[in-house]
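Let's go through this model together and ask, at each step, what the words rest on.

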Amino acid sequence: MSEPVVIAVGDLHDVVVGRGVLERVPGLVPDAARQVLVVRPEGLERYASAVAAGLRDAGLVVHEAAVPDAERAKTSAVAAELWAVLGQHAFTRTDVVVSVGGGTVTDLAGFVAATWLRGVPVVHVPTTLLAMVDAAVGGKTGINTAEGKNLVGAFHSPAGVVCDLDVLETLPPADLVAGLAEVVKGGFIADPRILELVEGAPADAARWDSPVLAELVRRKVAVKAEVVAADPREAFRREVLNYGHTLGHAVEQVSGFGVRHGEAVAVGMVFAAELGHRTGTVSDELLARHRSVLAAVGLPTTYDGASFEALLAAMARDKKSRGSLLRFVVLDGLANPVRLEGPDESLLRAALDALAP
Ligand SMILES: NC(=O)c1ccc[n+]([C@@H]2O[C@H](COP(=O)([O-])OP(=O)(O)OC[C@H]3O[C@@H](n4cnc5c(N)ncnc54)[C@H](O)[C@@H]3O)[C@@H](O)[C@H]2O)c1
Ligand SMILES: O=C(O)C(=O)C[C@@H](O)[C@H](O)[C@H](O)COP(=O)(O)O
Ligand SMILES: [Zn+2]
């Protein structure tokens, strides 16, 4: 990528995408700020240190907090620890939270920023592919409870997002591939060119320094930006970004978060395609394309890790549910997401059976 690009999420916030762009972070911190809290995962100090140094050079008082890695960060206990840090440093409404990490950190730090003093600014510096193309964009924040995934949260738009593709050099390959699931999701729900790019060069799509990956990031951020701008608080349209997530979140939950979010979403998209195929809105070809494009980059397309009953119980807590009615996002042809409300249990069972290895 030669020049950084700036993608606007309506009038909510901008996303900077480029290489070597961490120096842009201080420019996104509102002028009135006096101090910032940089939140990062334990074991990933490098990028947070670079961001903190830039913020100090800009004259800000910088505090740092390391939180447990991955999904262990998204708990009320960790949120309470961060609230305590903000309280100890007397953070006011002009002070700022800066997240530097994967989607678990942007979700947690975003939630803490949304709730501290009922809302202080947050700047996200996503360091995984998944967080760059999805979690850091659009203001959904949240933590898990014992009962399920993301059950507590708030909509809180960041002041800005900086995606520096160079930080992906150190991301483990399996985490980079997991992020491609959310990229492919954007292809199925809105931008088929994404699918063509992945199908045309699957190995390049999974390489941190490839121009193909840079193009995929720009396109997926643009898809998310368009949907969020139209419906920031998920009155209805934003639900399309939940493609693959109804089963996906259930798979994560019943595995005790042993399955990565992106991997679970990959399985969930095949499940949704099976539902659409059975109800007549997804062709044989479109169903097969789900399996082939996901498999091409090494994402899972089969699942037999839990009973139907366990998954159904977890899906009942999905936020799209209304009363006893489950709601799925399915395709009515490529790039045309629609809702499937209250499907029969027999249909769900058949779609799950079709995921068997
Ligand atoms: N709010 C939203 O709109 C939204 C959207 C999609 C996903 N999410 C959430 O995002 C979370 C998943 O995020 P994720 O896939 O980024 O997982 P993650 O945050 O667990 O990060 C994956 C792993 O990569 C490590 N890591 C991060 N950046 C690195 C780097 N540059 N180099 C080396 N290691 C690095 C992390 O420490 C972690 O071990 C889930 O909780 C999901 O619910 C939220
Ligand atoms: O931004 C959205 O809206 C999404 O649904 C994006 C999803 O990729 C993301 O995983 C989100 O956190 C799921 O939201 P939830 O409301 O089902 O918790
Ligand atoms: Zn997701």
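Q: What makes something a domain here, and how many Å separate the centres of domain 1 and domain 2?
A: Domain bounds are taken from an automatic or database domain assignment. The protein is divided that way into domain 1 (5-170) and domain 2 (173-353). Taken over C-alpha atoms, their centres are 25 Å apart. Bear in mind that this is a predicted model: local features need pLDDT of at least 70, side-chain atom pairs count only at pLDDT 80 or more, and totals for chains, interfaces and linings use all residues. Residues are numbered from 1 along each chain as its sequence is written, while chains are lettered from A and ligands numbered from 1 in the order in which they are written.

Q: How do you know which residues of domain 1 and domain 2 are in contact?
A: Contact requires the C-beta atoms of two residues, placed from the backbone, to lie within 7 Å. By that test, 28 residues of domain 1 are in contact with 28 residues of domain 2. On the domain 1 side, β1, β2, α5 (129-135) and β8 (148-155) each give two or more residues. The largest share, five residues, comes from α5.

Q: Why are β1 and β4 called edge strands?
A: Two strands pair if DSSP finds at least two bridges between them. The open sheet has seven strands with mixed pairing, in the order β1-β2-β9-β6-β5-β3-β4. β1 (5-9) and β4 (61-67) each have a single partner strand, so one side of each has no neighbour in the sheet.

Q: How do you know that β6 and β9 pair?
A: The definition asks for at least two bridges, and two bridges join β6 (residues 122-126) to β9 (residues 160-164), which run parallel. In β9, glycine 160 is the bridge partner of valine 123.

Q: What makes β10 and β11 a pair, and how do they run?
A: At least two bridges are needed; five join β10 (residues 327-331) to β11 (residues 337-341), and the strands run antiparallel. Valine 329 has arginine 339 as its bridge partner in β11. The two strands form a hairpin with five residues between them, and glycine 333 in the turn has a positive phi of about 85°.

Q: What makes a residue part of the shell around ligand 2?
A: Its C-beta atom, placed from the backbone, must lie within 6 Å of the ligand. Residues that qualify include Asp134, Lys140, Glu182, Arg238 and His245. The shell draws at least three residues from each of domain 1 and domain 2.

Q: Which residues carry the UniProt annotation "binding site"?
A: The unreviewed UniProt entry gives it to Glu182, His245 and His261. They are spread over 80 residues of sequence, yet cluster in space, with a largest C-alpha distance of 10.2 Å. UniProt positions follow the numbering used here, feature names are shortened, and annotations may be inferred rather than shown by experiment.

Notes:
Helix = DSSP H or I, 4+ residues; strand = E, 2+ residues; numbered from the N terminus.
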